[in-house]
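Could you look over the following notes before you turn to the model yourself?

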Amino acid sequence: MRDQIQLPTSATASLPPYETIALVLQGGGALGAYQAGVYEGLHEAGIEPTCLAGISIGALNTAIIAGNPPEKRMARLTEFWETICQTNSGFTLPPFVEQSLFNLNDTVRQSISAWHAASAIIDGQKGFFSPRFPPAPQITPGNPKAASYYDTSALKSTLERLCDFDRINSGQHQVSVGAVNVRTGNFVYFDNAKITLRPEHFMASGALPPAFAAVEIDGEYYWDGGLVSNTPLAYVLESRPLRDTLTFQVDLWSARGAVPSNMSEVSDRIKEIQYSSRTRLITEQLRWRQHLRHILQRMLDDIPPETRASNTYCQLAQDIACSKRYNVIHLIYRNQPYEQHYKDFQFGLATMRDHWKSGLQDIRKTLEDPERLAMPDNVSGFVTHDVHREEIEQKMQANSVPAKAGANLVEK
């Protein structure tokens with residue numbers, strides 16, 4: 001267990017002696033700039049993750065962070081996002097003009113976002129993907145590597161240019177990305193503790209069909225992990241050996257949202273429900289599991305050592321029991337009024353910066369209260385924090401909302 005980590009004088013708190021500091025990044029395409037903003041806030045606070053896990057765009061952000069030394073990460077993240085937020089043809093508004101228009105109102109923002117989404121479909125994004133030509137066959141047999149609407153070979157070059165894969169595989173961080181085996185349908189994690197990670201592993205995690213083709217790795221083909229589970233939270237918290245862990249869970253889709261009133265809103269809501277992964281429900285399940293482990297450990301502590309050593313059931317219980325503690329901090333992107341169902345594939349520079357700024361604001365607000373980073377001291381040894389949920393709960397208390405009614409307002 002490492003010594004207590006002191007943040008720089010500009011930071012708002014110091015960290016207890018967690019054995020693992022994890023950054024867990026969900027998939028969500030263009031919304032992934034929010035995760036870059038969260039990382040910037042952690043970076044400026046001197047909080048260095050030791051474990052990085054991602055799916056889809058979260059896997060690509062993971063590659064950039066893990067593949068660069070701390071002093072270069074912000075520059076590389078910026079370069080990555082400013083690259084993929086350009087069209088392949090280069091036909092776009094000058095950044096200053098686009099930003100000026102974007103700042104006017106939500107109607108203009110919506111128009112700009114729609115234009116960028118259409119551009120992504122027609123032209124693709126620089127250093128990321130381009131329309132496949134000739135198109136993949138609809139019925140006749142073809143090559144699995146070309147069975148998609150877009151070609152992502154440019155992404156491999158981008159990752160090789162911006163990431164040092166020797167650093168990724170050096171063991172300085174535990175790095176894990178999730179994907180789905182197309183043949184078996186099984187979810188897998190590519191983990192640098194078990195295999196040597198290559199650009200293909202990160203590309204596979206983000207190969208969302210039918211837009212992107214399956215990626216071949218050692219004779220098997222893999223698609224985007226978000227098809228099965230869009231968050232690697234359970235993988236991180238359940239990895240053995242269990243450790244005292246502080247986790248920053250950064251989600252791009254919120255399970256909670258308004259009932260749609262038109263078809264565009266229906267499409268948007270479907271994506272939110274499909275890809276939100278019910279993060280808070282998963283967290284609650286993990287909390288309950290850890291609660292039972294803590295109870296079991298406390299019971300074992302009251303049993304004489306000689307009995308524990310000789311009793312088979314005590315030995316079995318010891319394999320399950322655990323006194324480790326977990327602090328999970330949720331950071332969930334909040335949908336903006338101007339965003340529509342295409343928000344995950346509209347890569348405009350102005351919108352990207354808006355997402356980035358939102359993530360930076362949320363993590364700064366989270367770190368304002370040092371108690372949110374405290375080691376859990378409750379019975380379960382498990383706590384969660386979410387500044388947005390806490391705001392809702394405070395409003396309910398201020399308005400004296402009954403507990404039963406208030407439960408419906410807080411997303412699980």
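**Notes on cavities, pocket and helix packing**

1. The lining of the largest cavity comprises 4 nonpolar, 7 polar and 1 charged residues, where Ala, Val, Leu, Ile, Met, Phe, Trp, Tyr, Cys and Pro count as nonpolar, Asp, Glu, Lys and Arg as charged, and the others, Gly among them, as polar. This cavity holds about 80 Å³ of space, and among the residues that line it are Cys 85, Gln 86, Thr 87, Glu 98, His 116, Phe 347, Gly 348 and Leu 349. A cavity is a set of points, on a 1 Å grid over the protein atoms alone, where a 1.4 Å probe fits but cannot get out, while a pocket is an open set with protein on both sides within 12 Å along at least five of seven lines; lining residues have an atom within 4 Å of a point. Volumes are the space filled by probe spheres set on the points, which are joined across faces, edges and corners.

2. The model is predicted, so that local features need pLDDT of at least 70 and side-chain atom pairs count only at pLDDT 80 or more, although totals for chains, interfaces and linings use all residues. Residues are numbered from 1 along each chain as its sequence is written, and side-chain values use heavy atoms, with hydrogens and water left out.

3. Mean pLDDT (the predictor's confidence in each residue, from 0 to 100) is 90 for the protein chain, and 93% of its residues reach 70 or more. Residues 1–13 have pLDDT below 50, and this stretch has 31 contacts in the model beyond near neighbours in sequence, a contact meaning heavy atoms within 4.5 Å. Residues 406–412 also have pLDDT below 50, with 16 contacts beyond near neighbours in sequence.

4. In total the structure holds 3 cavities of 30 Å³ or more.

5. The largest pocket contains about 630 Å³ of space. Of its 35 lining residues, Leu 208, Ala 211, Phe 212, Asp 344 and Phe 345 are the closest to its centre. The lining of this pocket divides into 23 nonpolar, 9 polar and 3 charged residues, and H10 gives the most to it, with 3 residues.

6. Helix H4 (residues 95–102) packs with helix H14 (residues 349–367) at an angle of about 60 degrees, their axes being 8 Å apart. Axes are lines fitted to C-alpha atoms, for helices over the stretch in contact, and angles run from 0 to 180 degrees between N-to-C directions. H4 is therefore oblique to H14, given that angles under 35 degrees count as roughly parallel, over 145 as roughly antiparallel, 65 to 115 as roughly perpendicular and the rest as oblique. From H4, the contact with H14 involves Pro 95, Glu 98, Gln 99 and Phe 102.

7. The axes of H4 and H5 come within 8 Å and cross at roughly 135 degrees, which makes H4 oblique to H5. Glu 98, Leu 101 and Phe 102 of H4 meet Val 108, Arg 109, Ile 112 and His 116 of H5 in this contact, whose residues are 4 nonpolar, 1 polar and 2 charged.

Notes: Helices (H or I, at least four residues) and strands (E, at least two) are DSSP runs, numbered from the N terminus.
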